[in-house]
Amino acid sequence: MAYVTLADLVRRWVYTRRGLQKLIRRGGGFPAPVITDGTGRLKLWHTADIAAFEDAHPELTSEEEKRRKVRSYAIGNLKKKGRAG
C-alpha cells in the first residue's frame, strides 16, 4: 500500500502548505490520515484515498479549476452582501 505525506500533497496539488492545512481542518470529506505519529506532526494518507478525493475536487490539481472555484465563492459573497445591504 502506498502512502503520501502533507509535503507530498503540497507538491502534488496547487495549494500551499497553509492552504492545505486549512482544507484538512475544514473536513468536507477530506480523508482521515491512516497513520499519525505520537506528536501529530507526521500524517500519512493512503494514496488511493487521496486519488478518490482528487476526483471529486478538480480544483486541487488544476490551477484553472482553483481560479474558477475562488471566483464562484467571491461572486456568492458579493451577492450575499448585496442582499444584506
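## Aromatic pairs

Rings of Phe, Tyr and Trp, the last taken by its six-membered ring, pair if their centres lie within 6.5 Å. In this predicted model, the count by this rule comes to 3 aromatic pairs. One of them joins W13 and F30, with 6.2 Å from centre to centre and 85° between the planes, an edge-to-face arrangement. This pair links distant parts of the chain. W13 sits in the loop between α1 (6-12) and α2, F30 sits in the loop between α2 and β2 (35-36), and the two are 17 residues apart. W13 and F30 are buried.

F30 also pairs with W45. Their ring centres are 5.8 Å apart and their planes stand at 90°, so this pair is edge-to-face; planes over 60 degrees apart count as such. Here too, distant parts of the chain are linked: F30 in the loop between α2 and β2, and W45 in strand β3 (residues 43-46), 15 residues apart. F30 and W45 are both buried.

## The ring cluster

Which residues do the ring pairs link into a cluster? The cluster is made up of W13, F30, W45 and F53.

## A charged patch on the surface

On the surface, R18, K22, R25 and R26 gather in a patch of positive charge. One of these residues, R26, belongs to helix α2, which covers residues 17-26.

Is R26 buried or exposed? R26 has a relative accessible area of 61%, and exposed means over 50%, so R26 is exposed.

How values were computed: Residues are numbered from 1 along each chain as its sequence is written. This is a predicted model: local features need pLDDT of at least 70, side-chain atom pairs count only at pLDDT 80 or more; totals for chains, interfaces and linings use all residues. Side-chain values use heavy atoms; hydrogens and water are left out. Patches are made of residues with over 30% relative accessible area and no salt bridge: like charges are joined within 9 Å, nonpolar side chains (Val, Leu, Ile, Met, Phe, Trp, Tyr) within 5 Å. Accessible areas come from the Shrake-Rupley method with a 1.4 Å probe; for residues, only the protein chains shown count as cover. A salt bridge is a side-chain nitrogen of Lys or Arg within 4 Å of a carboxyl oxygen of Asp or Glu. Lys and Arg count as positive and Asp and Glu as negative; His and the chain ends are not counted. The place of a charge is taken as NZ of Lys, CZ of Arg, CG of Asp or CD of Glu. Helices (H or I, at least four residues) and strands (E, at least two) are DSSP runs, numbered from the N terminus. Buried means under 20% relative accessible area, exposed over 50%, partly exposed in between (1.4 Å probe, protein chains only). Rings of Phe, Tyr and Trp (its six-membered ring) pair if their centres lie within 6.5 Å; planes under 30 degrees apart count as stacked, over 60 as edge-to-face and the rest as tilted.
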